[in-house]
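Here is a quick tour of the model, one spot at a time. Have the viewer open and follow along.

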Amino acid sequence: MTAPATTEVQALLSFLHAQRRHVLGILEGLGPEALRQPVLPSGWSCLGLVQHLTLDVERFWFQAVVTGDPAVIEALDDNEDAWQVSPDVPHTEVLDRYRTEAGLSDAVVNATDPDAGPAWWPHHLFGPPHLHTVRDVLLHVITETACHAGHLDAARELLDGRRWLVLT
């Protein structure tokens with residue numbers, strides 16, 4: 001028999017997996033130039049948003065906050081703006097890194113008690129903790145990934161008219 005916490009975590013991970021598939025799926029068929037083209041006044045590109053999800057969401061929340069990995073925490077300031085992808089970084093590298101970080105995140109979630117508290121908390125960014133368990137972090141990441149999947153939907157429609165899900 002599966003423990004209730006394990007069942008819950010697997011259900012939450014399935015929702016996160018669906019949002020990750022949406023992020024990558026809405027970008028299928030876009031060439032490197034379109035992936036780098038900003039379409040909104042704020043100036044981010046689809047590729048920049050994926051890099052943000054990789055570094056500021058998957059890596060930050062699971063590797064830094066949940067596990068407290070000192071190397072990841074130390075490297076947080078290395079990337080000045082995750083939303084900006086250097087022109088010399090191939091688009092495939094950004095997308096592959098997102099997939100890799102997602103896999104690492106899943107491993108962390110599967111190996112950690114959902115009721116455990118964060119191993120590290122970024123007081124300098126957020127003040128006192130407002131996410132108190134791994135479950136809270138997982139729910140936060142699901143929400144943020146879903147929000148950004150919606151941003152990518154809008155960006156893709158502006159780029160070439162393609163829509164992810166059309167209900168008629």
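Let's start with histidine 130, which sits in the loop between H6 and H7. This is a predicted model, by the way, so everything below is computed from predicted coordinates. With a relative accessibility of 45%, histidine 130 falls in the partly exposed class. Pair it with valine 65 and you get 65 residues of separation in sequence, but 12 Å in space from C-alpha to C-alpha.

Threonine 133 is also in the loop between helix H6 (123–126) and H7. Is threonine 133 buried or exposed? Its relative accessibility is 15%, so threonine 133 counts as buried. A polar atom of its side chain lies 3.0 Å from the backbone nitrogen of aspartate 136. Skipping neighbours within four places in sequence, the contacts of threonine 133 are Pro114, Asp115, Ala116, Gly117 and Pro118.

## Helix H3 and its kink

Next up is helix H3, residues 46–66, which has a kink of about 50° centred on phenylalanine 60. H3 is mostly covered, with 19 of its 21 residues buried. After H3 comes glycine 68, and its phi is positive, near 70°.

As a bit of background, nonpolar side chains tend to be buried together in soluble globular proteins. Here the largest nonpolar core has 42 residues, and the ones with the most contacts inside it are Leu27, Trp61, Phe62, Val137, Leu138 and Leu152. At least two residues of this core come from each of H1, helix H2 (32–36), H3, H5 and H7. Which helix gives the most to this core? That would be H3, with 12 residues.

Phenylalanine 62 is worth a click, being one of those core residues with the most contacts. Not counting residues up to four places away in sequence, phenylalanine 62 touches Val57, Thr67, Ser105, Val108, Val109, Val137, Leu138 and Val141.

## Salt bridges

How many salt bridges does a search of the whole structure find? The count is seven. One of them joins glutamate 8 to arginine 135, where the closest N and O atoms are 2.7 Å apart. Glutamate 8 belongs to helix H1 (residues 4–25) and arginine 135 to helix H7 (residues 134–160), so this pair ties together parts 127 residues apart in sequence. Glutamate 8 itself is partly exposed, at a relative accessible area of 29%. There is also a network of salt bridges here, linking Glu8, Asp115 and Arg135.

## Arginine 20 and its partners

Now move along helix H1 to arginine 20. At 6% relative accessibility, arginine 20 counts as buried. Leaving out neighbours within four places in sequence, arginine 20 is in contact with Glu58, Tyr98, Ala102, Ser105, Asp106 and Thr145.

Arginine 20 forms a salt bridge with glutamate 58, and the closest N and O atoms are 2.9 Å apart. With arginine 20 in helix H1 and glutamate 58 in helix H3, the pair ties together parts that are 38 residues apart in sequence. Glutamate 58 is buried too, as is arginine 20. The side chain of arginine 20 also meets that of aspartate 106 in a salt bridge, at 2.7 Å from N to O. Aspartate 106 lies in helix H5 (residues 91–111), so this second pair links H1 with a part 86 residues away in sequence. Aspartate 106 counts as buried as well, with 15% relative accessibility.

## Cysteines

How many disulfides are there? The count comes to zero. Cysteine 46 is in no disulfide, and its nearest cysteine sulfur, on cysteine 147, is 14 Å away.

Cysteine 46 is buried, at 1% relative accessibility, while cysteine 147 is partly exposed, at 41%.

Conventions: Residues numbered from 1 in each chain as written. Predicted model: local features only at pLDDT ≥ 70, side-chain atom pairs only at ≥ 80, totals over all residues. Heavy atoms only, no water. Bend = angle between axes of the 7 residues up to and from the residue. Helix = DSSP H or I, 4+ residues; strand = E, 2+ residues; numbered from the N terminus. Buried < 20%, exposed > 50% of the residue type's maximum accessible area, 1.4 Å probe, protein only. Salt bridge = Lys/Arg side-chain N within 4 Å of Asp/Glu carboxyl O. Disulfide = S-S within 2.5 Å. Polar contact = N/O pair within 3.5 Å; in protein donor to acceptor, adjacent residues only side chain to side chain. Contact = heavy atoms within 4.5 Å. Core = buried A, V, L, I, M, F, W, Y, C linked by side-chain atoms within 4.5 Å.
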